[in-house]
Amino acid sequence: MHELYQKADERIAALCQVEDAHITSGAGAAITLAVAGCMAGNDFARWMKLPATEGIPNEVVFPRGHYQAYAPQWTAAGAKLIEYGQAGILKSFNRELESMINEKTCCLSYTLSYNTSPRGQIPLSEVIEIGRKFDIPIVVDAAALLPPVANLHKFTDMGADIVIFSGGKGLRAPASSGMMLGCGRGAQIIASVRNHTYPNEGWARGFKVSKEQIVGLVTALEIFLHEGDAQYEQQMATARYLLKTLEDIAHVDVQIIPNDETFHEHPVVPRVPRVLIQWDPINVGLTADMLDQVMASEDPPVLLKERHYENYYTNKAWRIIDTYFLSEGEAQIVAQRLKRILTTAA
């Protein structure tokens, strides 16, 4: 397992154009292990004491507007969140961030996700500058930010020390896989993580990765890079088919969100076209929850996305069709079922 891990990590690093990489049991585990590496470094005694962190730098400086479902992963190794950002608009100021940094700080956190609040965020580039100013590592959670392919090294190229990606999202690798990528000081931290976690002894042995997960992630990444960003045009063709099939239903508005440089759901979102469906529940006689129940009750069950970032000031119901994971023939199933249900209800 040591040899497999070493070879696989080297292959991942080469493919992603970074200095070092490490495969983990999901992006959440990668966050926890990266923070552990920032706290313990290559100190065996510190690793063996985790999650006890008394006497070592254990504070993660964390934007309040980035707090979402995975935020607890930043503290799972025994760290403490030090949040900044003002309630109401979650506005953050560089001087507020700098005021939180002290001798207890182990890293600065940054989450690139469509689940974060875009209002008043300090740009990643400026957080990186502050990290350099205070000589503090920057750990970036970019779990769901693939595609495009260039994102694999974009943020380390900007100067982030460690960047984390999920295996089970855009890479289509095993759902229980993830990876951390690093350059410079980040590569040193990743090396310490590899030296003190599974298959080694100690606290982090519980973050076990099977040989199947390791090989699966490497293979999925190779396929992802081979296909490149050409998938986007195929997905856009699927989106156009969905639009054409659904656009003539009475009281239903349908549009393509290309998630490219022209129009996107959120400032931070993968480059994947999606189809937004909106309707008036009174005119159609169908709420979004009712649609979900019917779509999921038939064979095969269909689940639509519930994320919506455009306009909260509306009484319309809405759902989104994500084109990324639709296999051949599945777009037709989704479109025809939606058309039948929405037409019948209206």
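Student: Why does Phe62 count as buried?

Tutor: This is a predicted model, in which local features need pLDDT of at least 70 and side-chain atom pairs count only at pLDDT 80 or more, while totals for chains, interfaces and linings use all residues. Residues are numbered from 1 along each chain as its sequence is written, and side-chain values use heavy atoms, with hydrogens and water left out. Buried means under 20% relative accessible area, exposed over 50%, and partly exposed in between, with a 1.4 Å probe and protein chains only. Phe62 has 0% relative accessibility and therefore counts as buried.

Student: What makes the pair of Phe62 and Tyr67 edge-to-face?

Tutor: Rings of Phe, Tyr and Trp (its six-membered ring) pair if their centres lie within 6.5 Å, and planes under 30 degrees apart count as stacked, over 60 as edge-to-face and the rest as tilted. The ring centres of Phe62 and Tyr67 are 6.0 Å apart and the planes stand at 70°, so the pair is edge-to-face. Ring pairs also join Phe62 and Tyr67 with Trp74 in a cluster.

Student: Why is Tyr67 called partly exposed?

Tutor: Tyr67 has 44% relative accessibility, so Tyr67 counts as partly exposed.

Student: What makes the pair of Tyr324 and Phe325 edge-to-face?

Tutor: With centres 4.9 Å apart and planes at 80°, the rings of Tyr324 and Phe325 form an edge-to-face pair. Tyr324 is buried because its relative accessible area is 4%, whereas Phe325, at 46%, counts as partly exposed.

Student: How do you know that Cys107 is buried, and which residues does Cys107 touch?

Tutor: The relative accessible area of Cys107 is 0%, so Cys107 is buried. Cys107 belongs to strand E4 (residues 105-111), where strands (E, at least two residues) and helices (H or I, at least four) are DSSP runs numbered from the N terminus. Contact means heavy atoms within 4.5 Å, and, not counting residues up to four places away in sequence, those that Cys107 touches include Val35, Cys38, Glu59 and Ile136.

Student: What makes Arg95 a charge over the face of Phe93?

Tutor: A charge sits over a ring if NZ of Lys or CZ of Arg is within 6 Å of the ring centre and within 35 degrees of the ring normal. Arg95 lies over the face of Phe93 at 5.0 Å from the ring centre, and Arg319 lies over the face of Trp318 at 5.5 Å from the ring centre.
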